[in-house]
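Here are my notes on the model you sent over, as a handful of numbered points. Please read them with the structure open beside you.

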Amino acid sequence: MKKIITICLLFVGSLWAKEYSSYEAKQHVGESATVCGKIVSGYYASSSSGQPTFLNMDKAYPNQVFTVVIWGESRHRFNSPESQYKNQSVCVSGDIESYKGVPQITVSRVSQIKR
C-alpha cells in the first residue's frame with residue numbers, strides 16, 4: 001500500500017513540476033505548465049479589440065520566443081505590466097497555446113506570474 005501511495009504522490013508531483021524555458025515551450029503546446037524567461041519588451045494594444053497587453057520573452061517583437069498575454073478585462077489587476085515586468089526574469093503558469101506559431105500563455109491573475 002505504501003508503494004502505491006508513493007507512486008501516486010510522485011505522479012501528482014510531476015504534474016506540478018512541468019517547467020520549461022521560453023525556448024522549450026513550443027514543444028509543449030497544449031500542456032498546462034510554467035514557462036520561464038526574461039521579459040524584454042511589452043506592448044499595451046489599447047485600441048485593439050480586447051485591449052490585450054503582450055509581454056515578449058527573450059527576444060523583442062516580432063522575433064519573440066514566447067508571449068504572455070493579458071486581456072483588457074484583467075489588466076486592472078496588474079500595475080502597467082508592460083513596464084512593471086520589463087527586464088525581469090519571470091515564470092508564468094497556465095495553458096501553453098500557440099498563436100501564429102509563437103507559444104503563449106494567457107494570464108488573468110497576478111499570481112500566475114512569479115519573479
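1. T34 lies in strand β2, where strands are DSSP E runs of at least two residues, helices are H or I runs of at least four, and both are numbered from the N terminus. T34 is buried, with a relative accessible area of 14%; buried stands for under 20%, exposed for over 50%, and partly exposed for what lies in between, with a 1.4 Å probe and protein chains only. Leaving aside neighbours within four places in sequence, T34 is in contact with K18, E19, Y20, C91, V92 and S93, contact being heavy atoms within 4.5 Å.

2. A word on the basis of these values. This is a predicted model, in which local features need pLDDT of at least 70, side-chain atom pairs count only at pLDDT 80 or more, and totals for chains, interfaces and linings use all residues. Residues are numbered from 1 along each chain as its sequence is written, and side-chain values use heavy atoms, with hydrogens and water left out.

3. Now to the partners of β2, where two strands pair if DSSP finds at least two bridges between them. Strand β1 (residues 19-21) runs parallel to β2 over 3 bridges, and Y20 has V35 in β2 as its bridge partner. With β5 the pairing is antiparallel, over 7 bridges, and here G37 stands opposite V90. β3 also pairs with β2 in the antiparallel sense, over 5 bridges; Y43 has F54 in β3 as its bridge partner.

4. Which residues form the disulfide? They are C36 and C91, with their sulfur atoms 2.0 Å apart; the cut-off for a disulfide is a pair of cysteine sulfur atoms within 2.5 Å. C36 lies in strand β2 (residues 32-44) and C91 in strand β5 (residues 89-95), so the bond ties together parts that are 55 residues apart in sequence. The torsion about the S-S bond is about 110°, so this disulfide is right-handed. C36 is buried at 17% relative accessible area, while C91 is partly exposed at 22%. The structure holds 1 disulfide.

5. Q51 is found in the loop between β2 and β3 (53-57), and at 34% relative accessibility it counts as partly exposed. Not counting residues up to four places away in sequence, Q51 touches Y44, A45, S46, I70, W71 and G72. The C-alpha atoms of Q51 and R75 are separated by 8.7 Å, with the two residues 24 apart along the chain.

6. The charged end of R75 sits over the ring of Y44, 3.6 Å from its centre. The criterion is NZ of Lys or CZ of Arg within 6 Å of the ring centre and within 35 degrees of the ring normal.

7. Finally, the overall picture. The protein has 3 helices and 8 strands, following the pattern α-β-β-β-β-α-α-β-β-β-β along the sequence. Buried residues make up 36% of its 115 residues. Among contacts between residues at least 6 apart in sequence, 49% join residues at least 24 apart. The accessible surface comes to about 7,100 Å², of which 54% belongs to carbon and sulfur atoms; areas come from the Shrake-Rupley method with a 1.4 Å probe, and for residues only the protein chains shown count as cover.
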